[in-house]
Amino acid sequence: MKMKKLINAVIAVLVVTAIGITTPLPAQAKYMGHSATPTELRGNWYRYEGNNKWQHFKITKHSCILNGKVLCSLNKKGAKKLHVMQYKQNGKAYYDLNKFSYHYQEIGSFWLSQRKIHGRRVMKSYYNMGYFSVYTRSKIKHDYSYEVKGDFNKYLGR
């Protein structure tokens, strides 16, 4: 009788383990710490400025580059040193990429939006006064950036 209970327990453990191993987990970009940018934000991003000119924002694992100028990096000091902080607003995450003492030193808050343009998600950025910049993965001749009057906090992370 004891042997039968032991065999049943072993079989139950094996079944539970097999189900746990074969069940697929959803792939998500994870926030890993203060010294690396989130994987969902990495890559080349573009925002149309008019007259066939684009703003090019490149995010690598350890730096942020805007139009060829390094905004923040692990090699820099002070407000230009890469220091990623994750915040949540309305259940959505957004990131500040540098540690600043004064508001003018901030490079902005960034997040990957649920909005899609040409079938691909966009990156949004907020810096000041209710103005949101929208970046796409490819060069598109349209500026999707917008301005919000009133309380801008509810739009962060969306």
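Let me begin with Asp-143, which at 31% relative accessibility counts as partly exposed, meaning that it falls between buried, under 20% relative accessible area, and exposed, over 50%, with a 1.4 Å probe and protein chains only. Please keep in mind that this is a predicted model, in which local features need pLDDT of at least 70 and side-chain atom pairs count only at pLDDT 80 or more, while totals for chains, interfaces and linings use all residues. Residues are numbered from 1 along each chain as its sequence is written, and side-chain values use heavy atoms, with hydrogens and water left out.

What does Arg-47 form with Asp-143? The two form a salt bridge, with the closest N and O atoms 3.5 Å apart, where the term requires a side-chain nitrogen of Lys or Arg within 4 Å of a carboxyl oxygen of Asp or Glu. This pair links distant parts of the chain, 96 residues apart, since Arg-47 lies in strand 1 (residues 43-50) and Asp-143 in the loop between strand 9 (131-135) and strand 10 (146-147). Arg-47 itself is buried, at a relative accessible area of 12%.

The structure holds 2 salt bridges, and one of them joins the side chains of Glu-147 and Lys-149 at 3.8 Å, N to O; here Lys-149 is exposed, with 69% relative accessibility.

Turning to the whole protein, its secondary structure comes to 1 helix and 10 strands, taken as DSSP runs numbered from the N terminus, with helices being H or I of at least four residues and strands E of at least two. Finally, of the 158 residues, 34% count as buried.
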